[in-house]
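Work through these exercises with the coordinates open. Try each task before reading its solution.

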Amino acid sequence: MVGEYIALGRAEEIAEGEVRPYDANGTSLVLAKYHGEIYALANLCSHDGGDLGEADLVGDCLRCPRHGARFDLKTGAAKSMPAVVGIDTYDVKIENGIVMVAIPRE
Amino acid sequence: MKTTLHHNTEISFRENAEKEPSWLYDLRKTSWESFHSLPLPDRVAHLWRYTKPENFVDNNLDSTVATGTVGIQPVMRELSDSSFEAEVTSNFDGTQEFKISTDLTRQGVILESLAAAAFQADRPAANYLGKLIGFDFGKFEAANLALWKKGVFLCIPDNVVVEKPIRMSYSPTASDPYFRVLIVIGKHSRATVIDDYSSGNNSDKAGLFNGVTELFADDYAQVRYITLQNMPSSYNCYFTQRARLGRETSLYSIYGGLGGGNSKANVGTILAGPRSDSRLFGVVFADHSQHFDYHTLHHHQAEESYSNIDFKVILKNKSTSAYTGLIKIDEKTRNCQAYQINRNLLLNKGPRAESIPELEILTDEVQCTHGATMGPLDPDMLFYLKSRGFNHEEAVRMIIEGFIEPTAAQIPSELGDTMRRLVFTKLEGGN
Amino acid sequence: MAEIIKNNNIADIGDNYAEKYGFRDPEEYFHKGARGINHEVVEMISRMKKEPEWMRRFRHESLDIFLSKPMPRWGNTRILNDIDFDNIFYYIRPMENQGKTWEEIPDNIKNTFERLGIPEAERKFLAGVSAQYESEVVYHSFHEDLAKQGVIFLDMDSGLREHGDLVKEYFSTIIPNTDNKFAALNSAVWSGGSFIYVPPGIDVKIPLQAYFRINAENMGQFERTLIIADKGSRIHYIEGCTAPTYTSESLHSAVVELLALEGAYIRYTTIQNWSHNILNLVTKRAVAHKNATVEWVDGNLGSRLTMKYPCVYLVGEGAKGEILSIAFAGNGQHQDAGAKVIHAAPRTSSRITSKSISKAGGRASYRGLVKVHPQAVGSKVSVECDALLIDGASRSDTYPTMEIDADNVRIEHEARVSKVAEEQLFYLTSRGLSEDEARLLIINGFIEPFTKELPMEYAVELNRLIELEMEGSVG
């Protein structure tokens with residue numbers, strides 16, 4: 001289910017290897033750039049519900065800053081303890097240099 | 001010294017232009033400073049794991065800070081032929097109306113705006129304001145104590161029995177999130193107070209509410225206190241309430257949580273007198289993307305005190321609830337009994353519930369239990385009702401009715417019906 | 001039960017902890033490093049152990065994580081913040097090589113384990129024994145026929161040497177070094193502990209045991225245990241621990257990882273009886289796959305502060321987790337113990353039973369987490385906490401957290417706090433028991449759900465320990 005695309009900012013604002021939190025009309029998410037590609041994931045660690053805004057990238061995984069849980073950038077799947085359940089991912093497209101993220105409708 | 005600021009506001013407090021009594025001005029000023037020096041609550045901290053403190057930050061602080069207490073001229077009216085003994089209405093536009101029966105006035109009952117009470121030297125407001133929820137209670141509580149304009153002061157002298165309820169009803173004012181209630185009930189007196197936040201649920205403009213209630217019940221008093229919260233879903237609501245009970249005093253309190261977007265409430269009773277008795281009932285119904293974070297406290301400071309909590313949560317759609325109930329029993333506080341049960345009903349796939357019933361017991365002469373359950377509607381009960389010819393919706397409604405009715409039945413006047421109506425509207429509402 | 005009391009007249013049990021467990025040996029060590037923690041210490045440990053490069057790197061990375069992580073801001077923060085990490089000995093190697101027979105062990109150390117009854121227990125009812133003294137396992141034995149069936153039971157260092165690939169595959173995957181400050185510290189300086197692998201379908205019918213002894217003052221013991229139970233296998237592992245009584249503190253910070261593959265069964269039993277100057281800050285976690293069962297049986301009697309919350313992740317359909325614990329908090333002690341269960345697969349079930357006793361100003365806290373993820377449909381959870389307060393100076397806390405994010409799940413939680421009931425006491429004293437005896441009998445009844453899960457010898461031992469702790473508790 002692809003919902004409405006919401007513009008979050010300029011693609012060039014995000015540096016390679018960077019993770020940044022955004023608010024997409026009430027949906028809290030993070031954008032991460034890896035090998036030139038931008039990924040959007042829920043800003044919510046499935047281990048303890050904490051923010052991922054200050055997560056870092058370890059290879060193609062987002063790593064939670066608190067306990068080190070890792071999530072696959074592409075699928076959101078949990079890749080390391082202490083998380084065993086994945087997080088939501090969102091469809092991303094770049095239009096005229098603007099990052100657009102699809103937020104599913106309820 | 002480094003202070004953590006969340007707004008571009010000057011720390012210095014306004015001049016005492018309104019000529020407030022110095023105790024009040026000083027209290028506000030201290031609270032203002034406390035508000036600025038306290039950091040935003042830490043998400044690791046005990047009561048903030050499940051709710052973002054940012055929800056309750058007042059972004060229009062600049063405009064409110066310069067305005068003092070005066071300027072609100074409450075309308076006083078005499079009340080007759082009502083199902084209430086007294087009524088306060090706080091309107092959308094910030095005005096307040098007070099009505100009180102001549103009978104109560106004759107017995108010395110005071111019901112007036114908190115500001116009016118604070119300005120009159122013969123009122124005891126100075127002895128009580130901020131004594132339960134003071135400038136150091138927390139950041140948002142400090143903001144309330146510094147900045148409240150609209151408020152209610154209810155004072156019932158000793159030995160007065162108020163038969164019919166006293167009703168306060170509140171509609172949110174967009175420009176002023178703060179509201180403060182101070183209730184003082186004298187020895188051997190009896191009263192039922194309805195604190196109703198359910199009348200103004202029609203705004204879709206984002207708003208903030210920050211309400212504080214302090215309730216003092218002196219020795220042998222018997223008090224019923226009922227709060228029904230049905231604020232607009234566009235509002236983030238922050239409630240802090242504390243009651244303090246004297247010797248052999250009883251408090252019967254009911255909290256209904258139905259409205260608001262993100263609602264956080266911290267409600268509790270200090271059992272300060274021997275053989276005091278506090279019974280607390282809660283019903284929360286969360287739907288859509290509503291978030292409720294309720295904390296209850298029963299703090300036993302005196303021997304042979306008794307407390308009981310029955311807190312029920314119903315969740316629907318993608319809503320979330322966090323309930324944290326703390327029972328605390330001090331050292332050398334012998335022969336207390338404390339009970340607590342938290343029940344959570346998850347009506348569909350999607351909601352999330354947290355339950356944290358806590359005990360801190362520092363004495364051995366104690367009887368204390370708590371329990372929590374979480375689960376869907378009982379399938380056996382559903383099956384039984386359906387086998388008796390009820391369709392699914394009817395069966396669900398009957399189970400929910402059975403779940404809330406013991407609490408709803410305790411609510412006097414039409415407010416009980418209001419709660420039932422709100423619950424069933426939510427139950428039958430779509431997604 | 002009355003017979004036990006009659007046979008061991010409480011007044012006659014002259015031993016106290018200091019005599020029975022709290023004695024100390026002279027320090028005649030092969031190697032004792034300097035106090036304090038830094039990359040040189042980590043490098044030294046890794047070099048002395050002749051470890052593979054990946055482990056050396058892992059230790060250094062872990063130290064950086066340890067240094068960057070803040071202290072926990074919950075639990076007993078007063079004691080935690082007082083820990084002086086620069087005053088601790090992180091690595092003491094009592095002898096150059098491990099003994100295969102007790103005769104190979106220096107007399108001091110051998111006598112210590114004799115006094116603690118380890119060789120006797122080994123002869124009587126154990127399939128294997130590992131005895132750790134300070135940082136190293138000094139004695140290790142294992143039944144030959146189990147080894148022939150492919151069961152591996154080694155100290156962790158030997159495990160890494162002899163089964164490097166297996167260790168590398170699973171080590172730190174259940175408790176990553178980023179998990180918490182003390183897991184990071186353990187990851188940097190770990191030494192000793194057990195490595196166990198049980199092949200598919202093998203049932204290890206007799207328990208394996210590890211015994212941990214701290215002897216030196218200001219010692220830091222950081223054992224590391226990894227147990228892998230392959231499909232359909234069964235294993236019961238028991239650990240015990242004691243230390244001499246000193247006036248300053250020592251730190252025990254273990255990391256224990258359990259992996260129960262499909263249909264496997266692991267029971268992990270702990271009788272923690274550290275002296276009252278040990279801070280016991282331990283991370284224990286298990287992962288249970290499809291239809292696997294993990295049981296933690298956890299008894300906490302000793303230490304000044306214990307913070308330990310054995311955890312089970314139920315990641316496969318039908319997995320089961322059970323945590324059964326008792327905590328006994330006496331004068332100056334804080335037992336902050338509990339349990340965690342994470343339900344992440346359908347139709348998983350868990351049961352937590354926690355019993356605590358506080359006396360003479362002791363504080364027992366139950367801290368627990370039950371989390372049910374959306375995947376865990378049809379799961380069942382039951383939590384029961386009972387606390388007994390012996391006197392008015394003691395304290396009991398209960399901090400259970402339940403986070404439910406799934407449909408069709410049933411959670412039940414109950415907690416009770418009470419004192420020893422007067423009417424029970426009266427009944428028993430009227431039957432000719434002294435008040436001490438009556439109290440003990442009530443407590444034995446209170447913790448019976450726990451003791452009945454222990455091998456007989458341990459149950460008797462535990463009852464004796466409780467007697468010691470309860471001695472003179474009246475008045």
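The exercises below concern a predicted model.

**Exercise 1. Two helices of chain B**

Task: Determine how helix H1 (residues 22-37) and helix H6 (residues 139-147) of chain B are arranged: at what angle do they cross?

Solution: 
- Start with the axes. Those of H1(B) and H6(B) come within 8 Å and cross at roughly 150°.
- Next, the direction. Angles over 145 degrees count as roughly antiparallel. That makes H1(B) roughly antiparallel to H6(B).
- Then the handedness. The crossing of H1(B) past H6(B) is left-handed.
- Now list the residues. H1(B) brings B:Leu27, B:Arg28, B:Ser31, B:Trp32, B:Ser34 and B:Phe35. They meet B:Lys139, B:Ala142, B:Ala143, B:Leu145 and B:Ala146 of H6(B).
- Sort them by class. The contact of H1(B) with H6(B) has 7 nonpolar, 2 polar and 2 charged residues.

**Exercise 2. Where chain B meets chain C**

Task: Describe the contact: how many residues does each chain contribute?

Solution: 
- Count first. Chain B gives 29 residues and chain C gives 30 residues.
- Find the strands on the chain B side. Strand E19 (352-361) and strand E20 (366-375) of chain B each supply at least two residues of that side.
- Classify that side. Where chain B touches chain C, chain B has 13 nonpolar, 8 polar and 8 charged residues.
- Look for pairing across the chains. E19(B) and strand E24 (residues 395-404) of chain C run antiparallel, joined by 6 bridges.
- Name some pairs. B:Leu359 has C:Thr398 as its bridge partner. B:Ser355 stands opposite C:Met402.

**Exercise 3. Strand E24 of chain C**

Task: Decide whether E24(C) is mostly covered or exposed, and find which strand of chain C pairs with it.

Solution: 
- Check burial. A residue is buried if 20 or more other C-beta atoms lie within 10 Å of its own. In E24(C), 10 of its 10 residues are buried, so by this cut-off the strand is mostly covered.
- C:Arg395, C:Asp397, C:Tyr399, C:Thr401 and C:Glu403 point one way. C:Ser396, C:Thr398, C:Pro400, C:Met402 and C:Ile404 point the other way.
- Find the partner in chain C. Strand E22 (residues 363-372) of chain C runs parallel to E24(C), with 10 bridges. One of the pairs is C:Ser365 with C:Asp397.

**Exercise 4. A sheet in chain A**

Task: Which strands stand at the edges of the open sheet in chain A?

Solution: 
- Read the order. The 4 strands run E5-E6-E7-E8, with antiparallel pairing.
- Pick the edges. Strand E5 (56-58) and strand E8 (78-80) of chain A each have a single partner strand, so one side of each is left without a neighbour in the sheet.
- Note the twist. From one strand to the next, it averages 40°.
- Inspect one pair. Strand E7 (residues 70-72) of chain A joins E8(A) over 2 bridges, in the antiparallel sense. A:Arg70 stands opposite A:Ser80.

**Exercise 5. Inside or outside**

Task: Helix H11 (residues 181-189) of chain C and B:Lys205: is each buried or exposed?

Solution: 
- Take the helix. In H11(C), 8 of the 9 residues are buried, so H11(C) is largely enclosed by the rest of the structure.
- Identify the cover. It includes helix H3 (39-48), helix H4 (53-68) and strand E9 (224-229) of chain C.
- Turn to the lysine. B:Lys205 is exposed, with 9 other C-beta atoms within 10 Å.
- List its contacts. Leaving aside neighbours within four places in sequence, B:Lys205 is in contact with B:Ala174 and B:Ser234.

Definitions and conventions: Residues numbered from 1 in each chain as written. Chains lettered and ligands numbered in written order. Predicted model: local features only at pLDDT ≥ 70, side-chain atom pairs only at ≥ 80, totals over all residues. Axes fitted to C-alpha atoms, helices over the stretch in contact; angles between N-to-C directions. Parallel < 35°, antiparallel > 145°, perpendicular 65-115°, else oblique. Left-handed = near helix turned anticlockwise from the far one by under 90°. Contact = placed C-beta atoms within 7 Å. Nonpolar A, V, L, I, M, F, W, Y, C, P; charged D, E, K, R; others polar. Pairing = 2+ DSSP bridges. Buried ≥ 20, exposed ≤ 12 C-beta atoms within 10 Å, placed from the backbone.
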